[in-house]
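Biologist: Before I plan anything around this complex, I would like to go through the model with you, one question at a time.

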Amino acid sequence: MWNYERRLEYPINITRPNAKIAKIIMSQYGGPDGEISASLRYLSQRYSMPYRKVAGLLTDIGTEELAHMEMVATIVRQLTRGLSAEELEAAGFAPYYVDHTAGIWPQAAGGIPFNACEFQVKGDAITDLVEDMAAEQKARSTYDNILRLVKDPEVCDPIRFLRQREVVHFQRFGEGLRMVQDELDSKNFYMCNPEFDPGCGRNQN
Amino acid sequence: MRNYSMTRPMEARCGCMPERSSMDSDFALAMAYVPWQYFDTVYEPDKALEIGTIFPELDKPFLAAGRCGRP
Amino acid sequence: MMMNQMNQAQLLHWIDMVSFAVVDITEYLDTHPKDEEAIKYFNHYMDLRRSALRAYAEKYGPLTIDSANPENYWSWSNVPLPWEGGSC
């Protein structure tokens, strides 16, 4: 279960609103490779993960992603707070504004609403961890794209932090995959799915 | 000094580096392998928070974006 | 600087730093559960985090339910929400 801590994982204090860049950064909130997608992916995959240490890893990283979701929402909020309707329109923010005003709603920068099609829970230990490694790379690439466009240090500092966490998580999920491999027969990792097939382990014959 | 290993951390601490050919035979085809990291030096906490990790060997900044904020 | 010399912003920054060390080492320990150096590191920063949360709660109100005590519990709802920073 979860407790809540009334602070951000990394401080965010943006004093200069900028709805134009908020539109872009929004993809890391409700976009396909964003923090909501990451947290729901890992927190959903853990239930059927038969190896407790790996389920624990999915839980801990999934929980950290919730903190990142909060950070991205905070960035978007502080970038759009206090602007008038005309200012939002001039920044290209009018289509979002008309449906959500200056509220925070999960969608990608291009407008596609967040949806479960954007992540997978395959129910196969190897597949899910490889999915997670891909997810961390996709998030990192998205942050790279954001960093090319951001000029304000108050914005790029937390973005750089979030990007670095993706690199670390990739390493951890890679190690999680190594742990799953150690539980299986390396002559054929794919002979069965340890999440589903009875007796699927290192001593298969 | 390497702070990663293709083999488990305890084996790596013997200081022996696997030869290329034996490394290939340890790893089955059609699978992905991330090297094991092991605990070595760490950043001081204020630098670690700023960068986004306590581990210098995982510190991989994006350099193609030009300067913004931190030098 | 000792904790009792820190102002609110400095103490919160200290909590951010030691808590982040705990987060990063926790994920490392999830995949390296027997690493004794890492366990020592975790225990060290976890102690610092607990003391810092207690110290913060006494002066400024609790950041976590676990660091609330009966005298200051009511201030849980007065502690600013984390996204309130930046310009007002």
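Biologist: How many helices and strands make up the secondary structure of chain B?

Modeller: This is a predicted model, in which local features need a pLDDT of at least 70 and side-chain atom pairs count only at pLDDT 80 or more, while totals for chains, interfaces and linings use all residues. Residues are numbered from 1 along each chain as its sequence is written, and chains are lettered from A and ligands numbered from 1 in the order in which they are written. Helices (H or I, at least four residues) and strands (E, at least two) are DSSP runs, numbered from the N terminus. Read along the sequence, chain B follows β-α-α-β-α, which comes to 3 helices and 2 strands.

Biologist: Where in chain B is the confidence lowest, and where is it highest?

Modeller: pLDDT is the predictor's confidence in each residue, from 0 to 100, and chain B averages 79, with 66% of the residues scoring at least 70. Over residues 10-23 of chain B the pLDDT is below 50, and beyond near neighbours in sequence this stretch has 8 contacts in the model; two residues are in contact if their C-beta atoms, placed from the backbone, lie within 7 Å. The lowest mean, 46, belongs to helix H1 (residues 9-12) of chain B, and the highest, 98, to helix H3 (residues 45-51) of chain B.

Biologist: What ipTM does the predictor give the complex?

Modeller: For chain C the mean pLDDT is 92, and 94% of its residues reach 70 or more. For the complex, the predictor gives a pTM of 0.93 and an ipTM of 0.95.

Biologist: What percentage of the residues of chain A count as buried?

Modeller: Chain A has 8 helices and 0 strands, and its C-alpha trace spans about 70 × 35 × 30 Å along the principal axes. A residue is buried if 20 or more other C-beta atoms lie within 10 Å of its own, exposed if 12 or fewer, and partly exposed in between, with C-beta atoms placed from the backbone. Of the 205 residues of chain A, the buried part is 49%.

Biologist: Which residues touch the most other members of the largest nonpolar core?

Modeller: A nonpolar core is a set of buried Ala, Val, Leu, Ile, Met, Phe, Trp, Tyr and Cys residues joined through C-beta atoms within 7 Å. The elements that give two or more residues to the largest one include helix H4 (52-80) of chain A and helix H1 (8-31) of chain C. A:Ile75 touches, among others, A:Ile12, A:Val155 and A:Pro158, not counting residues up to four places away in sequence. Of the 80 residues in this core, those that touch the most other members are A:Ile75 and A:Val76.

Biologist: How many residues of H3(A) are buried?

Modeller: The buried residues of H3(A) include A:Glu35, A:Arg41 and A:Tyr42, and what covers them includes helix H2 (27-30), H4 and H7 of chain A. H3(A) is mostly covered, and of its 11 residues the number buried is 8.

Biologist: Why does A:Arg160 count as buried?

Modeller: A:Arg160 lies in helix H8 (residues 153-182) of chain A, and, not counting residues up to four places away in sequence, A:Arg160 touches A:Leu147 and B:Gly52. A:Arg160 counts as buried because its C-beta neighbours inside 10 Å number 25.

Biologist: Is A:Thr101 buried or exposed?

Modeller: A:Thr101 sits in the loop between helix H6 (94-100) and helix H7 (125-149) of chain A, and has a positive phi of about 50° although it is not a glycine. With 11 other C-beta atoms within 10 Å, A:Thr101 is exposed.

Biologist: What is the phi of B:Ala30?

Modeller: B:Ala30 is in the loop between helix H2 (20-26) and strand E2 (36-37) of chain B, and B:Ala30 is exposed, with 7 other C-beta atoms within 10 Å. Its phi is positive in a residue other than glycine, near 60°.

Biologist: How many charged residues does the side of chain C that touches chain A have?

Modeller: In this interface, 21 residues of chain C are in contact with 28 residues of chain A. Ala, Val, Leu, Ile, Met, Phe, Trp, Tyr, Cys and Pro count as nonpolar, Asp, Glu, Lys and Arg as charged, and the others, Gly among them, as polar. By class, the side of chain C has 11 nonpolar and 6 polar residues, and the charged ones number 4.
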